[in-house]
Amino acid sequence: MRDYQYRQDLFEVLTSADTALIYLAGAKEFLDKADDWSKIDMFGGAIITSAIKHKQIKEAQSNMDKAEKAIDTFKKELQDILVIKDFDLELTADIVITDIVFDNVFTDSIVQSQIDHAQFQVNYAIDQIRKIRETVLEYDRQHHG
């Protein structure tokens with residue numbers, strides 16, 4: 001019975017890690033697209049460029065929100081492991097409106113900075129979850145082979 005419970009717990013840890021990684025990969029994809037559009041926007045984009053950039057940011061935030069929930073589950077299974085989970089890509093309505101309406105290098109650079117920070121957070125979380133997942137699997141191989 002104990003072995004069954006261990007296997008169930010292991011399955012839950014790995015499943016929650018995989019779920020988080022899927023959503024983080026989605027966030028990374030949309031952040032990379034937002035980063036590309038942001039650079040275009042900084043060097044002469046128009047209103048449509050800003051709108052597309054903010055659509056990509058919104059999609060990235062949606063994936064990051066889902067990843068946070070999966071990471072919460074993952075953390076519950078590994079209570080002593082610290083994993084970054086507080087993603088923050090919230091752009092205030094003022095920044096979004098200012099960026100689209102005024103569309104200047106100053107507002108574009110603020111948004112670019114926020115995209116860069118979110119990319120760092122997502123990449124860090126992906127690295128940490130992968131490392132922890134591999135450590136769990138290695139422990140399993142060594143102790144429950």
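With which side chain does the side chain of Gln112 make a polar contact?

Analyst: The side chain of Gln112 makes a polar contact with the side chain of Ser38, at 2.6 Å. A polar contact here is a pair of N or O atoms within 3.5 Å; within protein, one atom must be able to donate a hydrogen and the other to accept it, and residues adjacent in sequence count only if both atoms are side-chain atoms.

Some ground rules come before the detail. The model is predicted, so local features need pLDDT of at least 70 and side-chain atom pairs count only at pLDDT 80 or more, while totals for chains, interfaces and linings use all residues. Residues are numbered from 1 along each chain as its sequence is written, and side-chain values use heavy atoms, with hydrogens and water left out.

Gln112 lies in helix H4; helices (H or I, at least four residues) and strands (E, at least two) are DSSP runs, numbered from the N terminus. Its relative accessibility is 8%, so Gln112 counts as buried. The cut-offs are under 20% relative accessible area for buried, over 50% for exposed, and partly exposed in between, with a 1.4 Å probe and protein chains only. When neighbours within four places in sequence are set aside, Gln112 is in contact (heavy atoms within 4.5 Å) with Asp35, Ser38, Lys39 and Met42.

In soluble globular proteins, nonpolar side chains tend to be buried together.

Asp18 has its place in helix H1 and, at 30% relative accessibility, counts as partly exposed. The C-alpha atoms of Asp18 and Ile71 are separated by 9.8 Å, although the two are 53 residues apart along the chain. Lys76 lies in helix H2 and is exposed, with a relative accessible area of 60%. From Lys76 to Ser16 the C-alpha to C-alpha distance is 9.8 Å, across 60 residues of sequence. Ile52, in helix H2, is partly exposed at a relative accessible area of 24%. The C-alpha atoms of Ile52 and Lys33 are 9.4 Å apart, with the two residues 19 apart along the chain.

A search of the whole structure finds one aromatic pair. The ring centres of Phe120 and Tyr124 are 6.3 Å apart and the planes are at 20 degrees, so the pair is stacked. Rings of Phe, Tyr and Trp (its six-membered ring) pair if their centres lie within 6.5 Å; planes under 30 degrees apart count as stacked, over 60 as edge-to-face and the rest as tilted. Phe120 and Tyr124 are four residues apart in helix H4, which means about one helical turn separates them. Phe120 counts as exposed at 55% relative accessibility, whereas Tyr124 is partly exposed at 35%.

For the chain as a whole, the protein has four helices and zero strands. Buried residues make up 40% of its 145 residues. Of the contacts between residues at least 6 apart in sequence, 78% join residues at least 24 apart.

The mean pLDDT (the predictor's confidence in each residue, from 0 to 100) is 79, and 77% of residues reach 70 or more. The pLDDT is below 50 over residues 80-85, a stretch with 15 contacts in the model beyond near neighbours in sequence. Residues 93-98 are also below 50, with eight such contacts.
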